[in-house]
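I set out here what I looked up in one protein model. The entries follow the order of my reading.

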Amino acid sequence: MALKFIIHTVIAVVLIIGSAASVAQPLPKDCPLIAKTQAVEGGTIHYLQGGVGQAVLLLHGLFAQKEQWIEVGCLLTKQGLLVIAPDLPGYGASRPFAQSVYHLERQVEVLQRFMQLLQINRFHVGGSSMGGAIAALYAKHNPNQVKTLAFIGAPLGIEAWSSRIQ
């Protein structure tokens with residue numbers, strides 16, 4: 001019980017600090033990415049989008065945000081790809097969402113709706129850490145939408161977490 005309280009307290013502190021520190025860094029002047037928003041599932045997803053051609057969805061890791069993809073996203077857009085890098089619900093500027101949306105399976109459902117609203121039906125997906133886990137689950141549940149899957153860093157959370165970690 002004490003361990004569960006400590007873990008929840010640490011997560012709450014990190015979320016508070018992370019959201020306070022999540023000042024969006026400016027995009028380089030020669031980068032074709034632009035900041036956009038999309039209402040979905042009772043909240044608003046903030047994302048970076050740019051380029052044309054085949055779509056690439058980039059998913060950030062735990063306690064991260066869309067800005068981690070700026071350098072990669074700028075390079076991919078210059079290679080003729082359409083890049084979409086969202087702040088996952090509850091991270092960066094993407095708020096407010098119900099707490100139930102933070103479960104990995106629900107993140108997949110919200111992302112599926114998000115991509116439908118953007119009218120992007122088939123795409124490549126890459127994820128870092130927790131984003132890799134969400135990318136893997138997305139590919140598992142929506143195999144006809146995902147052209148390729150890339151893990152940039154280990155996919156945190158793809159295996160069940162022990163009761164102590166939960």
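**Entry 1**

I began with Asp30, which at 55% relative accessibility counts as exposed; I take buried as under 20% relative accessible area, exposed as over 50% and partly exposed as in between, with a 1.4 Å probe and protein chains only. I note that this is a predicted model, in which local features need pLDDT of at least 70, side-chain atom pairs count only at pLDDT 80 or more, and totals for chains, interfaces and linings use all residues. Residues are numbered from 1 along each chain as its sequence is written, and side-chain values use heavy atoms, with hydrogens and water left out.

Which residue does the side chain of Asp30 meet in a salt bridge? I found Lys78, at 3.1 Å from N to O. For this term I require a side-chain nitrogen of Lys or Arg within 4 Å of a carboxyl oxygen of Asp or Glu. Lys78 belongs to helix α2 (residues 70-78) and Asp30 to the loop between α1 (2-21) and β1 (34-40), so the pair ties together parts 48 residues apart in sequence. Lys78 is partly exposed, at a relative accessible area of 44%.

**Entry 2: the disulfide**

I next searched for disulfides, defined as pairs of cysteine sulfur atoms within 2.5 Å, and the count came to one. Cys31 and Cys74 form it, with their sulfur atoms 1.9 Å apart. Cys31 is in the loop between α1 and β1 and Cys74 in helix α2, so the pair links distant parts of the chain, 43 residues apart. The link is left-handed, with -100° about the S-S bond. Are these two cysteines buried or exposed? I found both Cys31 and Cys74 buried.

**Entry 3: the other salt bridges**

I counted five salt bridges by the rule above. One of them joins the side chains of Arg106 and Glu41, at 3.3 Å from N to O. Arg106 lies in helix α3 (residues 104-117) and Glu41 in the loop between β1 and β2 (43-50), and the pair links parts of the chain 65 residues apart. Both are partly exposed: Arg106 has a relative accessible area of 24%, and Glu41 has 40%. I also recorded a network of salt bridges that links Glu41, Arg106 and Glu109.

Lys66 and Glu67 meet through their side chains in a further salt bridge, at 3.1 Å from N to O. I found both Lys66 and Glu67 buried.

**Entry 4: the chain as a whole**

I listed four helices and six strands for the protein chain; helices (H or I, at least four residues) and strands (E, at least two) are DSSP runs, numbered from the N terminus. Along the sequence they follow the pattern α-β-β-β-α-β-α-β-α-β. Buried residues make up 42% of the 166 residues. With contact taken as heavy atoms within 4.5 Å, 67% of the contacts between residues at least 6 apart in sequence join residues at least 24 apart.

**Entry 5: confidence**

Finally I checked pLDDT, the predictor's confidence in each residue, from 0 to 100. The protein chain averages 83, and 78% of the residues score at least 70. Where does pLDDT stay under 50? I found this over residues 1-22, for which the model has nine contacts beyond four places in sequence. Where pLDDT is low, the predicted coordinates should not be read in detail.
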